[in-house]
Each structure stands twice: as structure tokens, then as C-alpha cells.
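Colleague: I'd like to learn how to read a few features of a model. Could you walk me through them?

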Amino acid sequence: MSRSKPSPKDSRDTRLEWMPIGTLQSASRNPKQHSPEIGTSIGRFGYVEPIVLDERTGRIVAGHGRREALLAMRARGEAPPAGIRAEGDEWLVPVLRGWASRSDAEAEAYLLASN
């Protein structure tokens, strides 16, 4: 059985891109409080799950706690954990790109659903 090719309207250019952690902006409102254990988990297992960026807003919709933990680790002078690249003083993190919300309400709904 052959599958039809998705139309350009249905396809998404989803990709993983390495981006400087310091350039990633949080959502305007993130209702979740993050636990310090996120940094402990990253220290133990490495950085495993990418941050998700909303192409429409240019802001994070998933991964705020991971971003906060990495920024704190870098500020303390720790070495980048496994899964993170360093270029000079900047840490590069894998970011899932290609998804775009249709509205601010949809971006916030996804942010809540992904938590």
C-alpha cells in the first residue's frame, strides 16, 4: 500500500537545530514552577530532551525548566553536561524547530498540554 505525499500545507519543516541557550526566550507566561531536580537529572543523565520553539512567536513552548537549569549550571561555572555543545562561553542546545502556533491562545494551550 502506498502512502500519498502530504501537501505543502500539511507538511512541517520540523528539524533539530543547535542554538545558543542565552538567545532562547521564555514564553510570556509560563504557569509551571520548575523543580531544582531538573538540574540534578541533567547532571545524571545528560541533556536528553530538546527545547521546542514556536516559530510564530520565537519563544519557547516546551523546555523552560531545562533552559533555567542549564543557565544556572553555566552561571555556576559547571562544565556543559553530556548532550550540550560549548562554543566559547556559550552553550548550544538542541532545539526542535518548525512548529508554529496559530494564535497566542494556541501557543499557551500547547505550553500547558506539554507540561
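Colleague: Let me start with Trp99: is Trp99 buried, exposed or partly exposed?

Modeller: Buried means under 20% relative accessible area, exposed means over 50%, and partly exposed is in between (1.4 Å probe, protein chains only). Trp99 has a relative accessible area of 22%, so Trp99 is partly exposed. Keep in mind that this is a predicted model, where local features need pLDDT of at least 70, side-chain atom pairs count only at pLDDT 80 or more, and totals for chains, interfaces and linings use all residues. Residues are numbered from 1 along each chain as its sequence is written, and side-chain values use heavy atoms, leaving out hydrogens and water.

Colleague: How are the rings of Trp99 and Tyr110 placed, and what is the pair called?

Modeller: A pair of aromatic rings is described by the distance of the centres and the angle of the planes. Rings of Phe, Tyr and Trp (its six-membered ring) pair if their centres lie within 6.5 Å; planes under 30 degrees apart count as stacked, over 60 as edge-to-face and the rest as tilted. The count here comes to one aromatic pair. The centres of Trp99 and Tyr110 are 5.1 Å apart with planes at 40°, so the pair is tilted. Tyr110 is partly exposed too, at 32% relative accessibility.

Colleague: And Arg66, is that residue buried or exposed?

Modeller: Arg66 is buried, with a relative accessible area of 17%. With contact meaning heavy atoms within 4.5 Å, Arg66 touches Ile38, Ile42, Tyr47, Glu49, Pro50 and Ile51, not counting residues up to four places away in sequence.
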